Amino acid sequence: MTATDLDAPTAPRGTDGSRLAAHAVTVGYGATPVVRGLSLAVPTGKVTTIVGPNGCGKSTLLRTLARLLKPTSGQVLLDGEPITDVATREVSQRLALLPQSPIAPDGLLVRDLVGRGRHPHQRWFSQWSSTDEGVVEEAMRLTDTWELRDRAIDQLSGGQRQRAWIAMTLAQDTDLVLLDEPTTFLDLAHQVEVLDLVSRLNRERGRTVAMVLHDLNLAARYSDLVVVMKDGVVVTQGTPGEVFTTELLADVFGLRADVMADPRTGLPVVVPVSAVPVPTRPAD
Amino acid sequence: MATRQAAPRVALHAAPLRVGRLSWRVPVRAGVVCLVGAAVLLLLVAVDMSVGDFPIPVPDVVSALLGGGDAGQRFVVMELRLPQTVVAVAVGAALALAGALTQTLARNPLASPDILGITDGAAFGAVLVIVAAGGSGYGGAVASGRLQEVGVPLAALAGALAAALLLFLLSWRRGLDIQRLVLTGIALSAVLTAATSYLLVNARIQDASSAQAWLTGSLNARGWEHAVPVLLTIAVTLPLMLLLVPSLNAMLLGDDAALGLGVRVRAVQLALLVAAVALAAVSVSAAGPLEFVAFVAPQIALRLTGGSRPPLVAAMVVGAVIVVGADVLSRAVLPFTVPAGIITAAIGAPYLIYLLIRSNRRRTA
């Protein structure tokens with residue numbers, strides 16, 4: 001098994017450096033649209049993070065990009081082709097998704113979970129090839145879940161479990177990886193652990209990552225491109241330094257905050273300003 | 001090397017079999033369970049065909065099956081007992097497969113055709129015909145005799161399919177909402193049970209008692225005409241379902257994850273549900289509602305094979321063992337005659353209670 005199996009297998013095929021893009025998509029549950037005429041190109045080889053206040057439609061957008069939701073108008077293009085025209089299995093060979101709250105059945109072993117990631121590449125006559133086995137092992141080693149392979153998912157800590165799920169999306173062996181709030185329910189150390197992994201996948205393996213995050217400081221720390229959404233539209237997008245300003249935080253999040261430079265990285269750090277005097281302010 | 005350590009446990013569940021560029025996952029443990037189960041089943045089948053009002057020793061049963069023995073024994077074995085035993089095996093297997101499919105679909109061990117109201121639809125249909133037909137010989141009956149003989153299984157089939165259709169319509173919302181399906185099923189089941197009770201209360205006592213006999217589920221006097229529809233349904237659905245096994249495994253991770261893995265979730269769900277309804281409907285129409293077989297057999301098979309969802313083929317073997325075993329018990333072992341349906345219920349009900357208690361404990365723990 002060589003590392004090359006998990007390297008990005010193909011060069012970008014889309015135009016303007018984007019293989020996955022939304023064109024004027026409107027998406028909604030029922031009558032009211034949650035995402036309204038939104039366009040977004042996911043830059044290839046970069047980490048893109050969608051942020052925004054609760055209910056702004058960021059998860060809906062990600063789910064639409066992963067063709068879990070069908071837009072009522074507009075379309076999502078995968079390699080320049082409407083994603084709805086591409087066969088389901090073929091989409092899953094190019095684009096992997098980690099949903100927000102996936103289910104792990106009781107007793108499912110880590111290696112079986114990661115092995116499921118090979119589903120798009122398997123046929124009834126090719127159920128477990130040596131390639132499958134190699135890619136799965138590589139995915140587990142990359143995510144440091146190899147040592148956990150014989151453990152049941154429900155026995156793992158939150159961070160370990162999330163790494164196992166990411167290993168599953170890696171085993172899918174796609175250039176494009178979409179992560180829907182991969183750090184929810186994790187404590188800060190585990191959030192950093194998971195996002196460090198995401199960052200390595202991007203830098204060392206050339207994966208294009210698009211994700212939804214809640215925490216603005218983590219978004220600033222780990223993203224090449226930050227997309228800020230409010231009320232179903234993109235308010236602004238750019239590098240963390242361009243996007244995170246006191247004005248934007250006030251406008252979009254209704255948050256009074258100072259934006260400072262991280263002394264170590266120079267990246268912006270959002271420090272909320274509270275109206276309550278310091279001594280009585282509870283720990284965040 | 002690290003890979004070596006894992007090898008024995010891999011082999012326990014599934015071992016890769018590779019021929020050139022082709023590869024399969026061989027479910028070793030499930031295979032062993034199926035083989036042992038099949039041996040137990042054969043034994044029970046032999047016993048089932050040997051006991052009765054006219055006992056025939058097991059070796060004579062075997063020779064009669066192979067065309068030997070005396071004419072009387074051959075007649076009893078081939079004409080009377082073989083069809084009934086085949087019905088028992090087929091119905092047990094079909095109910096278990098139906099249960100395994102719905103439980104996998106809903107990711108919930110409680111979601112079996114008996115609980116989703118499909119069985120109750122069949123019961124309502126059958127009781128309606130029995131009561132309306134008034135088989136007890138009074139004048140003014142809508143139908144009687146031969147019509148009732150054919151009509152009851154058909155009505156059961158129609159009732160099951162109508163209940164399933166209603167279940168679909170009520171729980172379909174831009175796709176199959178499983179939570180909704182289970183809750184709707186429970187409500188539907190309650191309504192149908194009440195309707196059946198209403199029919200029984202208003203029926204003449206003779207009709208009510210013959211309806212009650214059907215309702216408990218029985219394998220008495222079953223012939224080839226009962227076995228063939230069940231066998232055909234299995235022959236059609238089983239291969240399709242086996243092809244869907246990888247998709248079933250992916251769907252255990254949730255609809256979103258399965259869609260992400262390239263599974264056409266809606267289509268697979270629909271196929272599963274249609275197959276399960278067909279299997280349950282023909283089974284109930286052949287042998288009455290054998291309570292709890294569809295619910296218990298897949299769960300027992302799951303405990304034996306140790307995977308993360310009920311195994312299809314192993315569940316079928318377990319289901320057949322349960323029903324044939326219940327038939328043997330009801331006809332030979334117990335000092336009084338009890339319909340097989342009572343025995344399967346006696347096994348299943350405590351298990352349901354156990355499952356409810358255990359899932360409650362886990363939730364509060």
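Analyst: Helix α5 of chain A (residues 158-171) lies across β6 and β7 of chain A and runs at about 165° to β6(A). This is a predicted model, in which local features need pLDDT of at least 70 and side-chain atom pairs count only at pLDDT 80 or more, while totals for chains, interfaces and linings use all residues. Residues are numbered from 1 along each chain as its sequence is written, and chains are lettered from A and ligands numbered from 1 in the order in which they are written. Angles run from 0 to 180 degrees between N-to-C directions, and axes are lines fitted to C-alpha atoms, for helices over the stretch in contact.

The two strands under α5(A) belong to an open sheet of 6 strands in chain A, whose order is β6-β7-β8-β3-β9-β10 and whose pairing is mixed. Two strands count as paired if DSSP finds at least two bridges between them. At the edges of this sheet are β6 and β10 (233-238) of chain A, each of which pairs on one side only. Direction ignored, neighbouring strands are turned by 15° against each other on average. Within the sheet, β7(A) (residues 176-180) and β8(A) (residues 208-212) run parallel and are joined by 5 bridges; A:D180, for instance, has A:V212 in β8(A) as its bridge partner.

Helix α1 of chain A (residues 58-65) packs on this sheet as well, touching β3 (47-51), β7, β8 and β9 (225-230) of chain A, and its direction makes about 145° with that of β8(A). Contact here requires that the C-beta atoms of two residues, placed from the backbone, lie within 7 Å.

A further open sheet in chain A has 4 strands in the order β2-β1-β4-β5, with antiparallel pairing. Its edge strands, β2 (33-43) and β5 (81-82) of chain A, each pair on one side only. Strand β1(A) (residues 18-28) pairs with β2(A) in the antiparallel sense over 7 bridges, and in this pairing A:L20 has A:V42 of β2(A) as its bridge partner. Helix α1(A) packs on this sheet too, where the strands touched are β1, β2 and β4 (73-78) of chain A, and its direction makes about 125° with that of β1(A).

In total, 29 residues of chain A are in contact with 25 residues of chain B. On the side of chain A that touches chain B, the elements giving two or more residues are α2 (88-94) and β6 (95-98) of chain A, and the largest share, 4 residues, comes from α2(A). By class, that side has 15 nonpolar, 9 polar and 5 charged residues, where Ala, Val, Leu, Ile, Met, Phe, Trp, Tyr, Cys and Pro count as nonpolar, Asp, Glu, Lys and Arg as charged, and the others, Gly among them, as polar.
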